[in-house]
Amino acid sequence: MGQKYASLDTLLAEDSQAKSFYSSLPDYVRESISQRGGNVNSFESLKDYAENLLRGDN
C-alpha cells in the first residue's frame, strides 16, 4: 500500500504522480474529489475515487 497523506492538498503537494493524474481529470471530477479531500489521503484512494466518478461516463 502506498504512502498516506494528511489530506488531498498534502498528497498533491508531495506526490508529483498524483498531481499529474489529478490535473488530467475532467473539471467535474476534480471538483467532486476536492469537496471530499479529507477522505483522499493516498494515490490509490485518489485513483479509486476518480474511477468511481468516471464510471458513469462510459
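This is a predicted model: local features need pLDDT of at least 70, side-chain atom pairs count only at pLDDT 80 or more; totals for chains, interfaces and linings use all residues.
How many residues does H4 have, and how far does H4 reach from its first C-alpha to its last?

View 1. H4 has 12 residues and reaches 16 Å from its first C-alpha to its last. This is close to the 16 Å expected at 1.5 Å a residue. The buried residues of H4 are Phe43, Ser45, Leu46 and Ala50. They lie on the same side of H4, because they cover an arc of only 165° around the axis. An α-helix has 3.6 residues a turn, so residues three or four places apart point the same way. The buried residues of H4 pack against helix H1 (8–14), H2 and helix H3 (27–35).

**View 2. The aromatic pair of Phe21 and Phe43.** A pair of aromatic rings is described by the distance of the centres and the angle of the planes. Here the count comes to 1 aromatic pair. Phe21 and Phe43 are 5.8 Å apart, centre to centre, with 80° between the planes, and the pair is edge-to-face. Phe21 belongs to helix H2 (residues 16–24) and Phe43 to helix H4 (residues 43–54), so the pair links distant parts of the chain, 22 residues apart. Phe21 is partly exposed, with a relative accessible area of 23%. Phe43 has 11% relative accessibility and therefore counts as buried, the cut-off being under 20%.

**View 3. Lys47 over the ring of Phe43.** Lys47, in helix H4, lies over the face of Phe43, at 4.9 Å from the ring centre. Lys47 counts as partly exposed, at 30% relative accessibility. Between Lys47 and Ala18 there are 8.5 Å in space, C-alpha to C-alpha, although these residues are 29 residues apart in sequence.

Methods:
Residues are numbered from 1 along each chain as its sequence is written. Side-chain values use heavy atoms; hydrogens and water are left out. Rings of Phe, Tyr and Trp (its six-membered ring) pair if their centres lie within 6.5 Å; planes under 30 degrees apart count as stacked, over 60 as edge-to-face and the rest as tilted. Helices (H or I, at least four residues) and strands (E, at least two) are DSSP runs, numbered from the N terminus. Buried means under 20% relative accessible area, exposed over 50%, partly exposed in between (1.4 Å probe, protein chains only). A charge sits over a ring if NZ of Lys or CZ of Arg is within 6 Å of the ring centre and within 35 degrees of the ring normal. The expected span of a helix is 1.5 Å times one less than its number of residues. The arc is that of the directions from the helix axis to the C-beta atoms. Contact means heavy atoms within 4.5 Å.
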